[in-house]
Amino acid sequence: MVQAARAGESMDTTDAAPVDLTSLPRIRHELVAPPFVHEHEQVATTGPRIVEFTMDIVEKEIQVADDAWLQAMTFNGSVPGPMMVVHEGDYVELTLRNPPANMMQHNIDFHAATGALGGGALTLINPGEQTVLRFKATRAGVFTYHCAPGGPMIPWHVVSGMSGTIMILPREGLKDQHGTPVAYDRVAYIGENDFYIPRNEDGTYKRFADAGESYPDTLEVMRRLIPSHVVFNGRVGALTGDNALTAKVGERVLFVHNQANRDTRPHLIGGHGDLVWEAGKFHNTPQVDLETWFIRGGSSGAALYKFLQPGLYAYVNHNLIEAVELGATAHVKVEGEWNNDLMEQVQAPTPYSGA
Ligand SMILES: [Cu+2]
């Protein structure tokens, strides 16, 4: 069954001329689970470095909603996979490990990388194997990475949770539409997933013993292109209520939004995108004052917003059916002083006084 999953193309690069990077300093970052991001500099204070990361692939069941479970496949145990942050000109050196307890082959396709299917052709590993891929971060922006082990395994692994974002910052940091440097106070890393969970005849969601058992029924739902769930960070409510994101009035939050499979349209209710790199690539002039922005399936985008009012904000996919009925809603709890100049309730509701 799944062990026999068709492999992607692999590639032999052993005849290529060696490259000597021994003079470059190395730094290692431990990855942290979303919506958070490992510590990093926005403006690089050093020259290019080799930046080391390690990720374990974890196949496990996750709960997607109160009544729905998914035999998920994950980078490092989280959906989305953790965000890596480097600077343009750095080298990313990833140790990718497929623990023996897993059932399937996996790999990683970095949209930020050049050649060999984004690294996918050089990283295909069986359970019980690990590999090291190095690529040069030559383009600045937020980019999707995802598993792509070949054939029908590609969409299945992606809609089972295997995607994430790498952020490659310009060495001089971000710039606004005039070319003036801008910074952020925090990153909110949101991975949106469309899930296709099969139902029983009575309408309840099917629960499976393992991913292999779930595959035939899941494929049938996938081929109808109607997701059962569209969620942020792996689960309905992963970023609402007690799990809400937080900020203070005056703080600038960089919302990084990843969707590896399907188009989406983030909107911050009551706020805006001050600077939006809709396609996620930082050497393009950011758009200003956006109400809603578009993330193409298979990409990450970034929007910077400075919160100006306190309160509870909803950050949604503004297909509101997907936001409210299918789950694509996050909350941001913002503390600070209300500004009556920006908005004031001039009269609280009173009985209707018309004829
Ligand atoms: Cu995979």
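In strand 19, the bridge partner of Trp-277 is Ala-302; strands here are DSSP runs of E with at least two residues and helices are runs of H or I with at least four residues, both numbered from the N terminus. This is a predicted model, in which local features need pLDDT of at least 70 and side-chain atom pairs count only at pLDDT 80 or more, while totals for chains, interfaces and linings use all residues. Residues are numbered from 1 along each chain as its sequence is written.

**Strand 19 and its partners**

Strand 17 (residues 273–277) pairs with strand 19 in the antiparallel sense over 3 bridges, where pairing requires that DSSP finds at least two bridges between the strands. Strand 15 (residues 252–259) also pairs with strand 19 in the antiparallel sense, over 8 bridges, and Leu-254 stands opposite Leu-304 in strand 19. Of the 8 residues of strand 19 (residues 299–306), 6 are buried, so the strand is largely enclosed by the rest of the structure. A residue is called buried if 20 or more other C-beta atoms lie within 10 Å of its own, exposed if 12 or fewer do, and partly exposed in between, with C-beta atoms placed from the backbone.

**Core and overall fold**

The largest nonpolar core has 90 residues, and those with the most contacts inside it are Ile-166, Ile-168, Phe-255 and Val-256. Such a core is a set of buried Ala, Val, Leu, Ile, Met, Phe, Trp, Tyr and Cys residues joined through C-beta atoms within 7 Å. Strand 2 (residues 50–65) gives the most to this core, with 7 residues. Domain 1 (26–169) and domain 2 (186–335) both give residues to this core, so it lies between them; the domain bounds come from an automatic or database domain assignment. Leaving out residues up to four places away in sequence, Phe-255 touches Ala-188, Ile-190, Pro-266, Ala-302, Ala-303, Tyr-305 and Tyr-315, a contact being two C-beta atoms, placed from the backbone, within 7 Å.

The protein chain has 3 helices and 21 strands. Its radius of gyration is 21 Å, close to the 20 Å that the globule rule gives for 355 residues, so the chain is as compact as a globular protein of that length. The radius is taken over C-alpha atoms, and the rule is 2.2 Å times the number of residues to the power 0.38. Buried residues make up 45% of the 355 residues.

**Annotated positions and Gln-130**

An unreviewed UniProt entry places the feature "binding site" at His-106, His-111, His-146, Cys-147, His-157, Met-162 and His-318. These positions span 213 residues in sequence, and the farthest two C-alpha atoms are 32.6 Å apart, so they do not all gather at one spot. UniProt positions are given in the numbering used here, feature names are shortened, and annotations may be inferred rather than shown by experiment.

His-106 sits in the loop between strand 5 (91–98) and strand 6 (109–110). Cys-147 is in the loop between strand 8 (141–146) and helix 1 (153–159). Not counting residues up to four places away, the contacts of His-106 include Cys-147 and His-157, and those of Cys-147 include His-157 and Met-162. Gln-130, in strand 7 (residues 129–136), has contacts that include Asn-98 and Ile-125.

| Residue | C-beta neighbours within 10 Å | Class |
|---|---|---|
| His-106 | 27 C-beta neighbours | buried |
| Gln-130 | 15 C-beta neighbours | partly exposed |
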